[in-house]
Amino acid sequence: MTTLAERLTLAIERAKITKAELARRVGISAPSVNGWFSGKAKFLRGENLLAAAKALGVSEAWLATGKGQMLSGTDPEEWSSIREIETPPGYVRFDLFEGGAGMGTGMVNHDYPEVVKTIEVAEWEVRRKLGYLPQPGRIQIITGRGPSMRPKLEDGDIVWIDASCDYFDGDDYYLINIGGETQIKMLQKRGDGLYVVSVNTDFPAYRPDVGDLSILGKALIHAGLRKF
């Protein structure tokens with residue numbers, strides 16, 4: 001485990017808690033925790049390190065540096081169970097971006113169950129789709145909910161999100177938060193400001209109030225679980 005994001009991903013899987021719960025236990029914001037997993041943060045120190053290690057049930061030294069044992073006094077059977085959740089060589093693991101994303105009026109993330117929590121994709125397929133191999137934690141997955149992005153996205157589609165893009169990077173599809181509600185929408189720059197745009201024309205475009213819009217990531221690829 002060479003990076004903080006990789007160690008956190010392994011530890012949170014073992015602890016069976018969400019990123020939102022980790023943020024609550026550490027006492028920081030959910031976006032800050034997402035930054036740890038996206039690779040923006042390279043180190044954890046001080047009170048955050050102590051609180052995160054305690055919440056995840058791992059060694060502080062291991063979490064900070066990757067050196068030593070992940071767990072103190074771990075028996076062989078427990079290490080075996082940990083190895084089972086490690087990503088196989090030649091694959092890239094995409095973990096859950098907390099909660100679902102509305103494709104209608106939006107939704108509060110933690111109130112909706114996820115369809116898919118983790119996927120592992122062959123490195124060659126990731127390179128073919130994205131053109132590059134992302135750092136661990138950079139690409140996360142989320143479930144789209146609602147009809148506003150049809151036919152581009154259907155209710156229940158799994159969307160790959162580039163969590164490192166938290167800014168407007170030209171007209172495109174984004175994971176956004178408006179007033180505490182998370183949505184997948186197109187953002188479009190017009191003469192009088194930035195507009196939130198739906199594919200479904202039943203949902204008119206609108207310009208959110210300044211300061212209400214937060215960009216959580218860029219929507220890259222969708223995968224549908226649909227009937228033939």
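Leaving aside neighbours within four places in sequence, which residues is W36 in contact with? In this predicted model, W36 touches A5, L8, L22, V26, I28, A41, L44, N48 and A52.

W36 also belongs to the largest nonpolar core. That core holds 24 residues. L22, W36, L56, V58 and L63 touch the most other members. A second core is separate and has 15 residues. F97, A163, Y173 and L175 are among them.

Now take one helix pair. Two packed helices are described by the angle between their axes and the distance between the axes. For helix 2 and helix 3, the angle is about 115°, and the axes lie 9 Å apart. Angles of 65 to 115 degrees count as roughly perpendicular. Helix 2 and helix 3 are therefore roughly perpendicular to each other. Their crossing is right-handed. On the helix 2 side, the residues that meet helix 3 are K19, L22, A23 and V26. Helix 3 brings A30, V33, N34, W36 and F37.

S148 sits between strand 4 (139-145) and strand 5 (158-162). Is S148 buried or exposed? Its relative accessibility is 0%, so S148 counts as buried. The side chain of S148 makes a polar contact with the side chain of K185, at 2.9 Å.

Notes
Residues numbered from 1 in each chain as written. Predicted model: local features only at pLDDT ≥ 70, side-chain atom pairs only at ≥ 80, totals over all residues. Heavy atoms only, no water. Helix = DSSP H or I, 4+ residues; strand = E, 2+ residues; numbered from the N terminus. Buried < 20%, exposed > 50% of the residue type's maximum accessible area, 1.4 Å probe, protein only. Polar contact = N/O pair within 3.5 Å; in protein donor to acceptor, adjacent residues only side chain to side chain. Core = buried A, V, L, I, M, F, W, Y, C linked by side-chain atoms within 4.5 Å. Contact = heavy atoms within 4.5 Å. Axes fitted to C-alpha atoms, helices over the stretch in contact; angles between N-to-C directions. Parallel < 35°, antiparallel > 145°, perpendicular 65-115°, else oblique. Left-handed = near helix turned anticlockwise from the far one by under 90°.
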